[in-house]
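Colleague: I have a few questions about the words you use for this fold. Could you show me what stands behind them?

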Amino acid sequence: MRFTFSCIGKMKAGAEKDLLDRYVDRARKTGRGLGISDIVVSELSESRAQRPEDRKAEEAKGLLNSVSGSARVVVLDENGKNLTSPDFSRKIESWKDEGIPEVVFAIGGADGHGRELLARADLKLAFGAMTWPHQIARILLAEQVYRAMTILSGHPYHRI
């Protein structure tokens, strides 16, 4: 299984990028023993359309272009489900056990996700009711993927 973080916008060098890279690296290393072949961060340009609906539609199209038919799509959305870390790890494990080859995590632009992407989502996931900057959402996602890997491997990183 492979994970792709498909994100609208570019993350600049600095502390946030360093932290993202650290969690992605940790998740890659821990995931290898669990059958996770790779974790890729893909960045797409923000739409320049004038209307928010047009921007969301263009960005959704770009994000959907990175999704194969057999992939599971997890959309980060403020109206999504709030899962516990153990529940999130069980969801990943169930997809792995089903033989799903890829999970694409989609982080949209400032206006949110377009309808087409939301309709394709296998899971809409929220990191609480608050709105997070996209850079921090990436870091939170990377940390939760790493945490899921540690839960599945029995590592003591996640304490109950």
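Colleague: Are Phe5 and Phe105 buried or exposed?

Modeller: Both Phe5 and Phe105 are buried. Buried means under 20% relative accessible area, exposed over 50%, and partly exposed in between, with a 1.4 Å probe and protein chains only. Keep in mind that this is a predicted model, where local features need pLDDT of at least 70, side-chain atom pairs count only at pLDDT 80 or more, and totals for chains, interfaces and linings use all residues. Residues are numbered from 1 along each chain as its sequence is written, and side-chain values use heavy atoms, leaving out hydrogens and water.

Colleague: Why is the pair of Phe5 and Phe105 called edge-to-face?

Modeller: Rings of Phe, Tyr and Trp (its six-membered ring) pair if their centres lie within 6.5 Å; planes under 30 degrees apart count as stacked, over 60 as edge-to-face and the rest as tilted. By this rule there are five aromatic pairs. The ring centres of Phe5 and Phe105 are 5.6 Å apart and their planes stand at 90°, so this pair is edge-to-face. Phe5 belongs to strand 1 and Phe105 to strand 4, so the pair ties together parts that are 100 residues apart in sequence. Strands (E, at least two residues) and helices (H or I, at least four) are DSSP runs, numbered from the N terminus.

Colleague: What makes the pair of Tyr23 and Tyr146 tilted?

Modeller: Here the centre-to-centre distance is 6.2 Å and the angle between the planes is 40°, which makes the pair of Tyr23 and Tyr146 tilted. Tyr23 is in helix 1 (residues 15-32) and Tyr146 in helix 5 (residues 134-153), 123 residues apart. Tyr23 has a relative accessible area of 14%, so it is buried. Tyr146, at 8%, counts as buried too.

Colleague: Which residues form an aromatic cluster?

Modeller: Phe3, Phe5, Phe88 and Phe105 form one.

Colleague: Why do you describe strand 4 as largely enclosed?

Modeller: Six of the six residues of strand 4 (residues 102-107) are buried, so the rest of the structure largely encloses this strand. Glu102, Val104 and Ala106 point one way, while Val103, Phe105 and Ile107 point the other way, and all are buried.

Colleague: How do you know that strand 4 pairs with strand 1 and with strand 3?

Modeller: Two strands pair if DSSP finds at least two bridges between them. Six bridges join strand 1 (residues 2-8) to strand 4, and four join strand 3 (residues 72-81) to strand 4. Both pairings are parallel. In strand 4, Val104 is the bridge partner of Thr4, and Val75 stands opposite Ala106. From strand 3 the chain crosses through helix 3 (residues 85-97) to strand 4, and this β-α-β crossover is right-handed. That term applies if, with the strands pointing away from the viewer, the path from the first strand over the helix to the second runs clockwise.

Colleague: What makes strand 2 and strand 5 the edge strands?

Modeller: The five strands form an open sheet in the order 2-1-4-3-5, with parallel pairing. Strand 2 (38-44) and strand 5 each pair on one side only, which makes them the edge strands. Strand 5 (residues 123-125) is joined to strand 3 by four bridges, and Lys81 stands opposite Leu125 in strand 5.
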